[in-house]
Amino acid sequence: MAACPSCDCETPLGFDIKMAFQPIVNVKTKDVFAFEALVRGSNGEGAGEVLSRVTEANKYTFDQTCRMRAIETASAIELPSMLSINFMPNAIYDPETCLSKTLKTARKTGFPRERIIFEVTEHERVKDNDFLVDIFKEYRKHGFLTAIDDFGEGYAGLNLLADFQPDILKMDIKLVRDIHRDRVKQALFKAMHGLAEELGILLIAEGVETEDEYKYLRDSGVELMQGYYFQRPQIEAFTIPQYD
């Protein structure tokens, strides 16, 4: 693969990071579908504090470091399920070249690439939607699953979905919050659920925090969920959640 002359992904990050893991559960089978890797500071600082240290100068290194650290840690703790990794499309110069370190890390650690999901948040503004589609296609070509996070609010939305159908859609947390008593959110959810089923896309409800939200979504046919109701992220560790 060619070198990547336009970015600084070889530049030291300047601060250390760890990964916390939060389960995405299948409420029908009571299994864990995947664990999402979430960045934390070296002393457990939250994602917001870590991300505040990301600049134009170090974003390439940060994105690459997060990917590699997620895979290395998941392998070290013997994560038993799929691994979901967030990526920054604006920190990618060339989809194939910028994927090389990810592939190398997966090979080195023995973590199967078919168990890796790459998800992009809809909140990140992408200047070139076609470029994001190219990124997704490259990842799929190499056997990775793809996901759009925070679907329902942000910059991508239906335009991106029209150009590329990912394997997974993750409902925006604002749609989940108090959905059991909000008719508008229920209507939006039903449309999104029907769209996902029609296109053969898995739907994940994230940010589930209460029993009422969980039961409404479960009774409405959602099988995959994520949120504090099930378990908070655990730094460099995982447990299988227990819930009713």
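Modeller: In this predicted model, Glu 206 has a relative accessibility of 9%, under the 20% limit, so it counts as buried. Its salt-bridge partner is Lys 170, with the closest N and O atoms 3.7 Å apart. Lys 170 belongs to strand β6 and Glu 206 to strand β7 (residues 202–206), so the pair ties together parts that are 36 residues apart in sequence. Lys 170 is buried too, with a relative accessible area of 1%. The two belong to a network of salt bridges that also includes Glu 36 and Glu 119.

On β2 (residues 31–41), 10 of the 11 residues are buried, so the strand is largely enclosed by the rest of the structure. Strand β1 (residues 17–26) runs antiparallel to β2, joined to it by 10 bridges; Met 19 stands opposite Val 39 there. The hairpin of β1 and β2 has 4 residues between the strands, and Lys 30 in its turn has a positive phi of about 70°.

Asp 167 pairs with Arg 140 at 3.6 Å between the closest N and O atoms. Asp 167 lies in the loop between α5 (157–163) and β6 (168–171), and Arg 140 in helix α4 (residues 129–141), so this pair ties together parts that are 27 residues apart in sequence. Asp 167 is partly exposed at 23% relative accessibility, and Arg 140 is partly exposed at 35%. Across the whole structure, the search finds 15 salt bridges.

Methods
Residues are numbered from 1 along each chain as its sequence is written. This is a predicted model: local features need pLDDT of at least 70, side-chain atom pairs count only at pLDDT 80 or more; totals for chains, interfaces and linings use all residues. Side-chain values use heavy atoms; hydrogens and water are left out. Buried means under 20% relative accessible area, exposed over 50%, partly exposed in between (1.4 Å probe, protein chains only). Helices (H or I, at least four residues) and strands (E, at least two) are DSSP runs, numbered from the N terminus. Two strands pair if DSSP finds at least two bridges between them. A salt bridge is a side-chain nitrogen of Lys or Arg within 4 Å of a carboxyl oxygen of Asp or Glu.
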